[in-house]
Amino acid sequence: MNIFDVNWLAVVLAALAGFVVGGIWYGPIMGKKWMGAVGLTEEQIKEGSMGAIYGGAFAFSLLASWTLAHTFATYAQDLSLVVKVLTAFGVALGFIVPAIGTNYLFSQKTKTLFFIDAGYWLLFYTAMGLVHGLMG
């Protein structure tokens, strides 16, 4: 299989879905707690290069979405919607959460920050799995 032979519309829409999840999660749901956990104020956040931050984050979302699409197209073509969503959730739970957990342990980040970020990645991959599952 050609590694670029995926549903590109699904890749973009799934990346957008994950991005929307992030906006909601780090905005009204966990925004204040997250800022406290990372030790940033709203003023400090506004000083960041928002174009570079959001552009880079969306590029990473596209890469994650493409990887999920490629995995489904290559190894899991006949999975149901539910199994694709659970597989995406499992990718986050089995790969992403342990990776950030290990980093947070060594960098001595708080448990609060870990649970905020781990929760986001579980939701992010679940949303992407839903889009990929619906769009094939």
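**Close-up views of a predicted model**

**View 1. A nonpolar surface patch includes Leu9.** Leu9, Val12, Leu13 and Leu16 together expose about 310 Å² of accessible area in this patch. Areas follow the Shrake-Rupley method with a 1.4 Å probe, and for residues only the protein chains shown count as cover. Patch members have over 30% relative accessible area and no salt bridge; like charges are joined within 9 Å, and nonpolar side chains (Val, Leu, Ile, Met, Phe, Trp, Tyr) within 5 Å. Leu9 sits in helix α1, residues 8–29. Helices (H or I, at least four residues) and strands (E, at least two) are DSSP runs, numbered from the N terminus. Leu9 counts as exposed because its relative accessibility is 53%. The classes are buried under 20%, exposed over 50% and partly exposed in between (1.4 Å probe, protein chains only).

The model is predicted: local features need pLDDT of at least 70, side-chain atom pairs count only at pLDDT 80 or more, and totals for chains, interfaces and linings use all residues. Residues are numbered from 1 along each chain as its sequence is written, and side-chain values use heavy atoms, without hydrogens and water.

**View 2. The largest pocket has a volume of about 910 Å³.** Its lining holds 28 residues; Tyr26, Trp34, Ile53, Tyr54 and Ala57 lie nearest the centre. Two or more lining residues come from each of α1, α2 (31–38), α3 (42–47), α4 (50–75) and α6 (111–135). Helix α4 gives the largest share, nine residues. The lining splits into 17 nonpolar, eight polar and three charged residues. Here Ala, Val, Leu, Ile, Met, Phe, Trp, Tyr, Cys and Pro are nonpolar, Asp, Glu, Lys and Arg charged, and the others, Gly among them, polar. On a 1 Å grid over the protein atoms alone, a pocket is an open set of points where a 1.4 Å probe fits, with protein on both sides within 12 Å along at least five of seven lines; lining residues have an atom within 4 Å of a point. Points are joined across faces, edges and corners, and the volume is the space filled by probe spheres set on them.

**View 3. Glu42 and Lys32 form a salt bridge.** The N to O distance is 2.6 Å. The criterion is a side-chain nitrogen of Lys or Arg within 4 Å of a carboxyl oxygen of Asp or Glu. A search of the whole structure finds one such bridge. Glu42 lies in helix α3 and Lys32 in helix α2, so the pair ties together parts 10 residues apart in sequence. Glu42 is partly exposed at 36% relative accessibility. Lys32 is exposed at 60%.

**View 4. Gln108 has a positive phi.** The angle is near 55°, in a residue other than glycine. Gln108 lies in the loop between α5 (81–106) and α6.
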